[in-house]
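I am opening a notebook on a structure that I have not looked at before. I want to write down, element by element, what I looked up and what I found.

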Amino acid sequence: MHAGPFFAIATGIDRLLRKGLFPMKFTLSWLKSHLDTSATLDEISQTLTDLGLEVEAVTNPADKLRDFTIGHVLAAEKHPDADRLRVCRVATDEGEQQIICGAPNARAGITVVVAKPGVYVPGIDTTIGVGKIRGIESYGMMASERELELSEEHDGIIELPSGTVGQSFSDWLAEHHPEKVDPVIEIAITPNRPDALGVRGIARDLAARGLGSLKHRDAPRHAGDFPCPVPVQIDADTLDGCPLFAGRVIRGVTNGPSPDWLQDLLRAIGLRPISALVDITNFFTYDMNRPLHVFDVDLMQGGLRVHRALGGEEIVALDDKTYRLEAGMMVISDDRGPESIAGIMGGAETGVTSQTTDVFLESAFWDHVQIALAGRALKINSDARYRFERGVDPEFTLEGLDHATQMILDICGGTPSEIVIAGDVPNHARSYRLDAARVQSLVGMDIPESEQRQTLTRLGFRLEGNLAHVPSWRPDVQGEADLVEEVARIASLSRLKGRPLARVAGVPKPVMTPMQRRETAARRACAALGYNECVTYSFIDRDSAALFGGGSDATRLENPISSEMSHMRPALLPGLLQAAARNQARGFADMALFEIGPAFHGGEPGEEHMLLSGLLIGRTGPKDVHGTARAVDVFDVKADAEAVLAAMGAPAKVQIRRGAADWWHPGRHGKICLGPKKVLGVFGELHPRVLAALDVKGPAMAFTLWPAEVPIPRRSGATRPALRVQDLQAVERDFAFVVDAEVEALNLVNAAAGADKTLIEDVRVFDEFIGGALGEGKKSLAITVRLQPAQRTLTDADIEAVSARIVDKVSKATGGVLRG
């Protein structure tokens, strides 16, 4: 018995990583500014998930305010022991209550928001209780806006212009200030949908499903009142990374706080309002998936130039950190030096402040690969980088500039200049044939062609006959199959009906390949022998790989998960031994593990081979009063390896040879062969050096088999061959040979078996004797040879002839002589 308890068999099963998903937040009212719909919040959430824009969370600010009620201050008197405190009598839905308040505006006659005992106040992370303040009891509190996380205002308690005593404050807000309790929807955006990183892209998907209509937005056009005083240029070697760079100067702006509606939107999605200009650029980043940047013109010197960094330049970015640029990174510079890390983050030196009056508004298109490489190298995570490295709409570069110009003029005032442009809008135009029948063949859904065309039109595709022109904001659509995916996604895969497979007349052909059937048989055989299956990583560290003949540059990963997973595994045993070490560290000493999977002898496709490895450590079973448990040995894994080979259909007659790799014990292993060059597997004890390197307490017995080396049976049918029963009696003869002490029993057995391969059915050792009259350096090995005749009964002469050949073969192979 090999089975035993384990804490952890292996590090195995690969985890599903969601690092490619990005949370996109927006409010319900924000969505409705793009989508004309009467759908409920639940309908919108369910539809988004069905469209592939999985809703991660829906946060309703009203939920945390439901326990707060409206009260009316009847009287407010000075606290006898504190000048700044007032003892207030407040009318609530539970009658008149006494509340101690320190707000300067606490007075009789105002309508307030009351938190009764037991109510949780989110802004101060406290649950209100009944308490004494300077000796006078207080039964609740009157809240400020910051305490309710409605704003940063905390100079006094909330004074409401209206409201009924006892009314829920959340209901009052929904009626008078719905933007304060606007539900926030958070969805996970997969890397192939950069268009959904803008609220308008999400609204477009919902409109295509029929959950409303997409509101039309005219692009404002501003010719400009004066020539732009800031020239722009792109170096020739940078055009592949920045094909288009545009901007304009806006003079006479007032960069104060942004309007309440904009601040509320940004706070709702977790952004901190900074100033009107910065908030406007953040708004368009989320609204239209159009990152922008504003420079303070008065802090600039000369024009702007987009170019490659020489390497070593430093810039203090808007996060107040200093970054050293590497050669080849794209950067925006003025005559003084770098002012912005292109497409990633602006520089602090030309950042806008409350004193800013003249700004340069920039809108550009950047190559997603180069932005990603620079962002990773600098370790900067920003909204701009995230969007540019996934792809933004190149054709919206100039239109987005006009939209932002209009909002700046509306909020900050000012006069715009003409637009300056360097480069051209890149041409990403492409079209694919729409084959209506492919929806059925690829997805299995029956969707009328008219519905398919309508769906694509709503998504922004332009149809000319059977050609569908892809909109510029959909870089993920790269073929006809993607058109089918869009049609099926909008139609809803929930409409897909399960259909049973058509019945095949007669006996169907096998589905599994011979190798798959062989792997299944081997897996079942190992489990039946008491082994526990492991699934370990295909990546291991270099030192472990080197112990088993790997660790070369050919199998090294360019971008490993960690230093412990730097190379492709050359064998399965390193993973099994690491699993065994972890189990031993947790007190599990007896274990039987196996794994079947690929190992790699190179880094190119096809440079891999299937292996099956087993590992035995400890004892054959738990301790008992009979003492039947013993330490596992080489013959345990030999028997297990032969049993698994038999399950895979390997021939019964094999040869056991020496000469395996150096991670096996030199004197305690064997290669299972069908010939000198046909190796089916290896079994034996692992080298103590390997065990010490992997921190495994030994000894450890193991086997490794090559399933692909087992010959495919000549007969491929399911019919079993006829049972061959010999009608002639077998004969057994015993031989005892005196050989040198260093002669291996295996060599003697192989020599005897080769004396007559037709008659000799089996050779096995049944006794070993050392010392006595044999003398120093000698030993006696006794074997039994079983002869099985097939044509006629053996005579004494036949038996004597075979015996003579056996003695001769053994004598030549080992130098042994018959023991007298």
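**Ground rules**

I note first that this is a predicted model, in which local features need pLDDT of at least 70 and side-chain atom pairs count only at pLDDT 80 or more, while totals for chains, interfaces and linings use all residues. Residues are numbered from 1 along each chain as its sequence is written, and side-chain values use heavy atoms, with hydrogens and water left out.

**Entry 1**

I looked up the strand order and found an open sheet of 5 strands, 6-5-4-7-12, with antiparallel pairing; two strands count as paired if DSSP finds at least two bridges between them. Its edge strands are strand 6 (95-101) and strand 12, each of which pairs on one side only. As background, I remind myself that strands of a sheet pair through backbone hydrogen bonds, either parallel or antiparallel.

I then went along the sheet pair by pair. Strand 5 and strand 6 are joined by 7 antiparallel bridges, with Val-90 having Gln-97 in strand 6 as its bridge partner, and a hairpin leads from strand 5 to strand 6 through 2 residues. Strand 4 (residues 69-79) pairs with strand 5 (residues 82-92) in the antiparallel sense, also over 7 bridges. Strand 4 is antiparallel to strand 7 as well, over 4 bridges. Strand 7 in turn pairs with strand 12 (residues 141-142) over 2 antiparallel bridges, where Ala-115 stands opposite Met-141.

Is strand 7 buried or exposed? I found that 5 of the 5 residues of strand 7 (residues 111-115) are buried, so this strand is largely enclosed by the rest of the structure; buried means under 20% relative accessible area, exposed over 50% and partly exposed in between, with a 1.4 Å probe and protein chains only. Both of its faces are covered, with Thr-111, Val-113 and Ala-115 buried on one side and Val-112 and Val-114 buried on the other.

Next I looked at an open sheet of 7 strands, which has the order 30-33-34-38-37-36-35 and mixed pairing. Strand 30 (532-533) and strand 35 (655-657) are the edge strands, each pairing on one side only. Within this sheet, strand 33 (residues 591-600) and strand 34 (residues 608-617) run antiparallel and are joined by 10 bridges, and Phe-600 stands opposite Glu-608 in strand 34.

**Entry 1: two helix pairs**

I turned to helix 6 (residues 276-287) and helix 9 (residues 397-412), whose axes come within 10 Å and cross at roughly 145 degrees; axes are lines fitted to C-alpha atoms, for helices over the stretch in contact, and angles run from 0 to 180 degrees between N-to-C directions. The residues in contact (heavy atoms within 4.5 Å) include Ile-280 and Phe-284 of helix 6 and Met-407 and Ile-411 of helix 9.

For helix 18 (residues 745-753) and helix 19 (residues 796-814), I noted a packing angle of about 140 degrees with the axes 8 Å apart. Asn-747, Leu-748, Ala-751 and Ala-752 in helix 18 meet a set in helix 19 that includes Ile-806, Lys-809 and Val-810.

**Entry 2: two single residues**

Where does Arg-387 sit? I found Arg-387 in helix 8 (residues 383-388), and it counts as buried because its relative accessibility is 0%. A polar atom of its side chain lies 3.2 Å from the backbone oxygen of Leu-197.

Glu-153 lies in the loop between strand 12 and helix 3 (169-176), and with a relative accessible area of 38% Glu-153 is partly exposed. Leaving aside residues up to four places away in sequence, Glu-153 touches Ser-144, Glu-145 and Arg-146. A polar atom of the Glu-153 side chain also lies 3.1 Å from the backbone nitrogen of Asp-155.

How values were computed
Polar contact = N/O pair within 3.5 Å; in protein donor to acceptor, adjacent residues only side chain to side chain.
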